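This report describes a pocket, a surface patch, a set of salt bridges and selected residues. The sequence and the structure are shown first.

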Amino acid sequence: MLLKVLKYDLKFTYKNLIIFYTLSLFFALLGRICGIFDNSGIMLILSKINNGIAISMIVSVIINNLMRVWARLVLNFYKDESYLTHTLPVKKSTLYLSKVLCGIITMLTSTVVIATSLLICYYSKENIELLKNSLNLVASIYESSITSLVLQMFTLVFFI
């Protein structure tokens, strides 16, 4: 029964999030295409504008993800829809677990979309070297490896 409840939660959440995912990737790709033509000032400006729009879509993905999961929880447990939810032959713990799993799944999907958008917008050898050097510097300050540092940051973002 958990899978059925989770399916409907994911449908509700992804119905709107897919629009923001698509817009984020579209503007990142458009910014990259405009950035190929560096010799033109207008294309450079268009590239920067599209990259800015992609960043704003990334922020919208995060905000909408949190809002949709919260809205689904409130609708199911405290609004008009709660009558139907509470009459289902499902334990409350299953319903809550479904909401938590929906939040985790959508956050992981959003992270993949955000990473892909940023990679499309800003990938270059110089940026990758700068990232590696920055991570080496931070890892040496905390006396840990880069892998453990990235895992700690990942844990901090998702579980706190």
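In this predicted model, the largest pocket has a volume of about 780 Å³. Its lining comprises 23 residues, and those closest to the pocket centre are Thr 111, Ile 114, Ala 115, Leu 118 and Leu 131. Helix 2 (41-78), helix 4 (92-122), helix 5 (125-141) and helix 6 (146-159) are the elements that each give two or more residues to this lining. Helix 4 supplies the largest share, with 9 residues. By residue class, the lining of the largest pocket consists of 18 nonpolar and 5 polar residues, with no charged residue among them.

**Nonpolar surface patch**

A nonpolar patch on the surface is formed by Ile 55, Val 59, Ile 63, Met 67, Leu 118 and Tyr 122, which together have about 500 Å² of accessible area. Two elements, helix 2 and helix 4, each give two or more residues to the patch. The greatest contribution is that of helix 2, with 4 residues; Met 67 is located in helix 2. Leu 118 belongs to this patch and is also one of the residues closest to the centre of the largest pocket.

**Salt bridges**

Side chains of opposite charge can pair when their charged atoms come close. The structure contains 2 salt bridges, which are listed below.

| Salt bridge | Closest N to O distance |
|---|---|
| Lys 99 and Asp 9 | 3.0 Å |

Lys 99 is buried, as is Asp 9. Through shared partners, the salt bridges join Asp 9, Arg 72 and Lys 99 into one network.

**Selected residues**

Which backbone angle of Glu 143 has a positive value? Phi of Glu 143 is near 55°, a positive value in a residue other than glycine. Glu 143 is located in the loop between helix 5 and helix 6. Is the residue buried or exposed? The relative accessibility of Glu 143 is 74%, and the cut-off for an exposed residue is over 50%; Glu 143 therefore counts as exposed. The C-alpha atoms of Glu 143 and Asp 38 are 41 Å apart in space, and the two residues are 105 residues apart in sequence.

A C-alpha to C-alpha separation of 9.6 Å is found between Leu 29 and Ser 47, which are 18 residues apart along the chain.

Key. Residues numbered from 1 in each chain as written. Predicted model: local features only at pLDDT ≥ 70, side-chain atom pairs only at ≥ 80, totals over all residues. Heavy atoms only, no water. 1 Å grid on protein atoms, 1.4 Å probe; cavity = no way out; pocket = protein on both sides within 12 Å on 5 of 7 lines; lining within 4 Å. Points joined across faces, edges and corners; volume = space filled by probe spheres on them. Nonpolar A, V, L, I, M, F, W, Y, C, P; charged D, E, K, R; others polar. Patch = residues over 30% accessible without salt bridge, like charges linked within 9 Å, V, L, I, M, F, W, Y side chains within 5 Å. Areas by Shrake-Rupley, 256 points an atom, 1.4 Å probe, with all protein chains shown as cover. Salt bridge = Lys/Arg side-chain N within 4 Å of Asp/Glu carboxyl O. Buried < 20%, exposed > 50% of the residue type's maximum accessible area, 1.4 Å probe, protein only.
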